[in-house]
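Here are my notes for you to read alongside the model.

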Amino acid sequence: MDTHSGPDASPSPDGSARDGADSSYLDAVEALYREAADVPQPALCCTQSPVWELPGLVVPAAMLERNYGCGSTVSPRDLARAKRVLYVGVGAGMEALQFAYFLRRPGGVVAVDTNAAMRALAGELLEDAASVNEWFTPAMVQVRAGDARALPLPDASVDVVAQNCLFNIFTRAHLAEALAEAHRVLAPHGKLVLSDPVAERPIPAHLAADDRLRAACLSGALPLSEYLAALVDAGFGTLEVRARRPYRVLDAARYGLEDNLLLEAVEVVAIKDPVPADGPCIFTGRTAIYVGDEDTLDDGRGHVLLRDLPLGVCDKTASALEGLGRADLIVTKSTWHYPGDGCC
Ligand SMILES: C[S@@+](CC[C@H](N)C(=O)[O-])C[C@H]1O[C@@H](n2cnc3c(N)ncnc32)[C@H](O)[C@@H]1O
């Protein structure tokens, strides 16, 4: 594995001094994904979590072999009322096809990518998909040239934006641009669905500055708290952490570290709600359970807990409820598997 440090290696612990005008790593991104369009790269990105299998959906083998995501961004719970989805970083097109499975309308999915080889491949494989899925026509997915940092869509024009294993590649400055763009094109209350690696601690500079590792989704990851903070800074007022699982280890010997560094793949949904004055609502799978003598407990801030029944609450509310110091109120820890049924 190439672990060279580029000439722009940053002295900061997380490589953030790469930011500002530093776009040098983008050449490595372009080269890697041109290669990955041509020849499947089994070690690139994907986790061992199973790919969606749905009735009547056949994913062409060549798409599966080039699944370069690190989780899933496709969930029917986000799509019940969605008419238009923007998929950023189409890769070989598998998730665009899965979104089309739920939307089933011409132009329902717009999928952009900066890489011409990937766009050409996705176009071909979507044609193949049409020959083995009678419900699907290639018109359901429009593959277009487009950059996450300058999306070719009008303001407030889509209900869902999805990206899988792309935003982690960006430097912080480029991530902020991509998040601002996703926020801009989403309709109010629209959802940005993300699947990305995060790091258990900041990635050291010599790895963050390695263009090829960054392009391969191995050294651009932020700690989860910083990833979520970037989403809030972009204006997303409600966040849901839906999954968190081991992704890779940057092991001490191979990567020149003092200790192994765990990367995890997270699935996060960021909702374009205004950020409340008292801070964002971040759901990480915490619940509150009232076990007192009454039938209900009303905290006076909009939460009514029925005795013995767990209520999903955001981290802000969980902390406030803990702060009450009541023995008849149990507040559970984050599961990192928030199913989307709580209240802020
Ligand atoms: C790790 S792959 C993920 C592909 C796909 N999302 C999947 O799950 O298989 C990243 C993809 O993003 C594309 N990409 C890289 N930089 C981009 C950018 N600035 N804007 C849009 N797409 C980009 C790459 O060409 C590649 O297809």
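**Notes on the fold, helix by helix**

1. Let us start with helix α4, whose buried residues are Met-118, Arg-119, Leu-121, Ala-122, Leu-125, Leu-126 and Ala-129. Looking down the axis of α4, these residues fall within an arc of 160°, so they line one face of the helix. The arc is that of the directions from the helix axis to the C-beta atoms. Buried here means that 20 or more other C-beta atoms lie within 10 Å of the residue's own; 12 or fewer makes a residue exposed, anything in between partly exposed, and C-beta atoms are placed from the backbone. An α-helix has 3.6 residues a turn, so residues three or four places apart point the same way.

2. A word on the source before going on: this is a predicted model, in which local features need pLDDT of at least 70, side-chain atom pairs count only at pLDDT 80 or more, and totals for chains, interfaces and linings use all residues. Residues are numbered from 1 along each chain as its sequence is written.

3. Back to α4, which covers residues 116–132. Its 17 residues reach 25 Å from the first C-alpha to the last, close to the 24 Å expected at 1.5 Å a residue; the expected span is 1.5 Å times one less than the number of residues. On the other side of α4, Ala-116, Glu-127 and Ser-131 are exposed. The cover over the buried residues of α4 includes α1, α2 (61–65), α3 (94–103), β2 and β3 (141–145). Helices (H or I, at least four residues) and strands (E, at least two) are DSSP runs, numbered from the N terminus.

4. How many of the residues of α3 are buried? Eight of its ten are, and the helix is mostly covered. The buried ones are Met-94, Glu-95, Ala-96, Leu-97, Gln-98, Phe-99, Ala-100 and Tyr-101. Among the elements that cover them are α2, β1 (85–88), β2, α4, β3 and β4. Just after α3, Arg-104 has a positive phi of about 50°.

5. Ala-111 sits in strand β2. Ala-111 counts as buried because 28 other C-beta atoms lie within 10 Å. Apart from neighbours within four places in sequence, Ala-111 is in contact (C-beta atoms, placed from the backbone, within 7 Å) with Tyr-87, Val-90, Gly-93, Ala-96, Ala-122, Val-141, Gln-142 and Val-143.

6. Helix α8 (residues 224–233) has Tyr-227, Leu-228 and Leu-231 as its buried residues. They cover an arc of only 95° around the axis, which puts them on the same side of α8. Their cover includes α5, β5 (186–199), β6 (238–250), β7 (261–271) and β8 (281–283).

7. Cys-165 has a phi near 65° and is found in the loop between β4 (158–164) and α5. Cys-165 is buried, with 26 C-beta neighbours inside 10 Å. Asp-308, with phi near 75°, lies in the loop between β11 (304–306) and β12 (311–313). Asp-308 counts as exposed because it has 10 C-beta neighbours inside 10 Å.

8. Finally, the chain as a whole: its domain assignment gives domain 1 (16–271) and domain 2 (285–331), with bounds from an automatic or database domain assignment. Their centres, taken over C-alpha atoms, are separated by 36 Å. Thr-287 is in strand β9 (residues 286–290). Not counting residues up to four places away in sequence, Thr-287 touches Pro-310, Leu-311, Gly-312, Val-313 and Thr-332.

How values were computed:
Two residues are in contact if their C-beta atoms, placed from the backbone, lie within 7 Å.
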